[in-house]
Amino acid sequence: MINKPNRAFIFDLDGVITQTSEYHFMAWKTVCKKIGYDLTREKNEELKGVNRNKCLDLIMEWGKIRLSEKEIESLLEAKNNIYKDYIKDLNENDLCEGVLNFINDAIKNNIKIALYSASRNAKRILCQLKIIDLFTVIIDGNNVSNAKPDPEGFKIAADLTKTNTKDCVVFEDSISGIEGAKKLNMYTVGIGSRDVLKNADVVYKGFKNLKIKDIINV
Ligand code: BG6
Ligand code: MG
């Protein structure tokens with residue numbers, strides 16, 4: 001008898017499992033104001049999936065702003081403090097609709113569940129959402145040297161779940177995440193809008209009504 005291949009679902013966190021992407025945007029918007037840059041929602045799409053330091057590099061580039069190392073450090077700290085204040089009361093009610101059922105169904109179908117988030121706050125958020133135990137592998141901003149769109153974190157997730165990259169499905173709301181996963185020929189499910197996530201294999205608005213069999217053969 002031929003066994004079904006090992007398969008893994010690799011989830012992003014912010015904007016996929018919970019709507020914390022909005023808090024990242026609001027925190028950056030406040031910080032950008034301090035340095036005279038107006039961060040639009042459109043430009044913010046390019047910050048999604050991107051690590052904290054690289055976000056500020058991009059903002060400085062877009063606004064043609066020069067800052068000293070000290071100013072950069074203090075803005076990064078300010079952004080994270082504002083963000084942490086937004087997420088302090090986050091709890092299981094803040095899970096995106098349908099995502100928990102979707103993950104539980106995947107587990108029932110023997111699909112490995114991994115998380116790869118650029119955020120260094122990822123584990124704390126998973127704890128607050130009370131879903132940390134569902135993941136066999138968790139990769140966050142502390143575990144990679146190269147940020148998305150580099151595929152490093154996706155490769156580590158595939159290796160640790162002992163899954164071939166071609167048998168991994170990635171759920172992402174960011175352009176950079178889709179780009180990273182595509183470099184390894186992973187199947188990409190965009191969560192958001194097709195206008196933004198142009199390169200994803202398929203795009204859904206969210207997990208409400210989404211079934212595992214819509215994505216893979218079970
Ligand atoms: C990603 C978000 O998940 O994490 C980005 O999409 C954010 O917007 C990045 O910049 C880093 O997050 P943190 O919590 O380490 O500042
Ligand atoms: Mg995201």
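Fourteen is the count to start with: 14 residues surround ligand 1, and D14, R52, S119, R120 and N121 are the closest. Here a residue surrounds the ligand if one of its heavy atoms lies within 4 Å of it. This is a predicted model, in which local features need pLDDT of at least 70, side-chain atom pairs count only at pLDDT 80 or more, and totals for chains, interfaces and linings use all residues. Residues are numbered from 1 along each chain as its sequence is written, chains are lettered from A and ligands numbered from 1 in the order in which they are written, and side-chain values use heavy atoms, with hydrogens and water left out.

Now the polar contacts, meaning pairs of N or O atoms within 3.5 Å. A polar backbone atom of V50 is 2.8 Å from an oxygen atom of ligand 1. For R120, again through a polar backbone atom, the distance to a ligand oxygen is 2.7 Å. N121 uses a polar side-chain atom, which lies 2.7 Å from an oxygen atom of the ligand. Ligand 1 taken alone exposes 390 Å², and the protein buries 98% of that. Those areas come from the Shrake-Rupley method with a 1.4 Å probe.

N80 sits in helix α4, residues 69-87. Helices are DSSP runs of H or I, at least four residues, and strands are runs of E, at least two, numbered from the N terminus. Is N80 buried or exposed? N80 counts as buried, because its relative accessibility is 10%. The cut-offs are under 20% relative accessible area for buried, over 50% for exposed, and partly exposed in between, with a 1.4 Å probe and protein chains only. Not counting residues up to four places away in sequence, N80 touches R52 and N121, where contact means heavy atoms within 4.5 Å.

S117 is in the loop between β2 and α6. Its relative accessible area is 1%, so S117 is buried. Leaving aside neighbours within four places in sequence, its contacts include D12, D14, I139 and K148.

For contrast, take D133, in the loop between α6 and β3. D133 has 74% relative accessibility and therefore counts as exposed. From D133 to K198 is 65 residues in sequence and 32 Å in space, C-alpha to C-alpha.

Next, strand β4. Five of the five residues of β4 are buried, so the strand is largely enclosed by the rest of the structure. C168, V170 and E172 point one way, V169 and F171 the other. β4 pairs with two strands, and pairing requires that DSSP finds at least two bridges between them. β1 and β4 run parallel and are joined by four bridges, with F9 partnered by V169. β4 and β5, residues 187-191, also run parallel, again with four bridges, and F171 stands opposite V189. Between β4 and β5 the chain passes through α8, in a right-handed β-α-β crossover. Right-handed means that, with the strands pointing away from the viewer, the path from the first strand over the helix to the second runs clockwise.

Last, helix α7, residues 152-160. Which of its residues are buried? They are E152, G153, F154, A157 and A158. An α-helix has 3.6 residues a turn, so residues three or four places apart point the same way. The buried residues of α7 pack against β1, β2, β3, β4 and α8. After α7 comes K162, with a positive phi near 55°.

Notes
Polar contact = N/O pair within 3.5 Å; in protein donor to acceptor, adjacent residues only side chain to side chain.
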